Amino acid sequence: MTSAEEDTSYIDYETFLSPDFSPAQFANTLVLTTNNASDTPLDLSTPLSRVLFDAQEINTHIDTLTTKSALPLLSHTQEQTEASQSIVKEIDAQVASLNDGYKRLEKEVLVRYETAEEVRTVAERLWETVRLGRSVGRSLQLGRQLELQLAEAGGSGSASKGQAAKEDHRALVRCSNTLLSLKELFGKSKPGEEGAGLDKIDVVKSLGDTVIAPAERTVLSKSQQIVREFSMSSLSSGTSTTTFAQTADTKARTTSALSALYLLSSIPPSHTKKEKWEPDILIRALQDYLRTCLTSSLASMARSLSTLPTLDRTLLEVSARCQNIIALEYLLSSITPPPHSILPSTIHPPKNFLDPLLQSLETGSLASYFWRTLAGGLNTKVMEIVNKGGVSARTLRTNKKSVGEAVRECVVRGCQVNKGEKDVETSWEREAAVMVASVVGALGR
């Protein structure tokens, strides 16, 4: 609309184009200008005619403007259409070029990539097969090595002298290390590790059932048997016939057995926060040895106190057992634990085999533990003899003093490992007093 037309038009375009324009407010103003506020009723025909006339006037202006500008509008629209068609043609050419490039890339890259991916998958599977084959081969090799080492260690304790002479007690340690290697191999079962997938191989399962598990049981049984048969005292035989070579062989055999038990003890998980580790199988075997000594000593002394003529022989055997225990204690303190291949680095191995045993028994000496435990059980046995009465009880009371001296000599003699020791009697005075009190104290005055 031109400025001249705006001047001749009575329509207030600024009011209608204002951002704050409100139709309700405009209608209210229009009604109030054409009526008095006190008129009842209001005449709405006049403002309505005004509004209709204004709309007709605006429509007339629109028709006029459209008629005058029809040709420029059509020309502009035609130019825009032609420009759009030109752009579409260019875009079509670019899209066709992109499609051709994609097809070329698909042929040169994607097809080759798919082929390469297939080759990579085949190579990965071949590598997994080779790795698994190597792991199976290593496990079979270790299994065969374990069989040979087990044969070197010899059979059970009932073997003949010729077979026993060929036995190599050091093979027990070699068997234990081989078993650890197998456990380490089977323990690496995470994807990508050496032992992954071995649990699905039938020959490996058969190896575990027919070779590994029986071999471990054999090594444990033979090692525990050697520990149970440990003896270095000559008191029970009455003569000192043990040679240096025999003593050295006994120590070596026992050391091998203890090392094997140490290596085959249960291992805590690698994520454990413990710094100390107790070799449970080793400690259990040593505790069984001590328990056997205590049980045998307590039973034999209880019988001998009922029949005093056999007491001297029984006390000699008890002293021999104590000497064996002291010799075992010295041996345990001198053995340094062998290297353990699967022990977590966060866990420190014990400095010797004696410390974990003493900690489990809560004592400072095996001999002291032996005498004090024996005294605790012996006191009950003596009370049973006294309460039962009869000839045994009267004889025991009559010979109370001599029995006490014999028991004291038993303790002193049992603590004399090396000949010529003069200070043992005072060193073990407390244990001797406890033993004497356990027998004499129950007899009364």
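1. Let's start with a word we will need: a residue is called buried when its relative accessible area is under 20%. Please keep in mind as you look around that this is a predicted model.

2. Now try that word on helix α13. Its buried residues are Leu-366, Ala-367, Ser-368, Phe-370, Trp-371, Leu-374, Ala-375, Gly-377, Leu-378, Val-382, Ile-385 and Val-386. As you read through those numbers, remember that an α-helix has 3.6 residues a turn, so residues three or four places apart point the same way. What covers the buried residues of α13? The cover includes α10 (280-306), α11 (311-334) and α12 (354-361), along with α14 (391-398), α15 (400-414) and α17 (429-440).

3. Step back to the whole chain for a moment. You will find 17 helices and zero strands. Of the 445 residues, 33% are buried. Among contacts with a separation of 6 or more, 73% join residues 24 or more positions apart. The chain exposes about 27,300 Å², and carbon and sulfur atoms supply 55% of that area.

4. Next, a pair of helices. Two packed helices are described by the angle between their axes and the distance between the axes. Helix α7 (residues 170-187) packs against helix α8 (residues 202-228) at an angle of about 145°, and their axes lie 10 Å apart. Their crossing is left-handed. On the α7 side, the residues that meet α8 are Leu-172, Cys-175, Ser-176, Leu-179, Leu-182, Lys-183 and Phe-186. Their partners in α8 are Val-204, Ile-212, Glu-216, Val-219, Lys-222, Ser-223 and Ile-226. Sorted by class, this contact has nine nonpolar, two polar and three charged residues.

5. Gly-133 is partly exposed, with a relative accessible area of 40%. How far apart are Gly-133 and Leu-198 in sequence and in space? They are separated by 65 residues in sequence and by 9.4 Å in space, C-alpha to C-alpha.

6. Finally, visit Glu-362 in the loop between α12 and α13. Glu-362 has a positive phi of about 55°, although it is not a glycine. Is Glu-362 buried or exposed? Glu-362 is exposed, because its relative accessible area of 74% is above the cut-off of 50%.

Conventions. Residues numbered from 1 in each chain as written. Predicted model: local features only at pLDDT ≥ 70, side-chain atom pairs only at ≥ 80, totals over all residues. Heavy atoms only, no water. Helix = DSSP H or I, 4+ residues; strand = E, 2+ residues; numbered from the N terminus. Buried < 20%, exposed > 50% of the residue type's maximum accessible area, 1.4 Å probe, protein only. Contact = heavy atoms within 4.5 Å. Areas by Shrake-Rupley, 256 points an atom, 1.4 Å probe, with all protein chains shown as cover. Axes fitted to C-alpha atoms, helices over the stretch in contact; angles between N-to-C directions. Left-handed = near helix turned anticlockwise from the far one by under 90°. Nonpolar A, V, L, I, M, F, W, Y, C, P; charged D, E, K, R; others polar.
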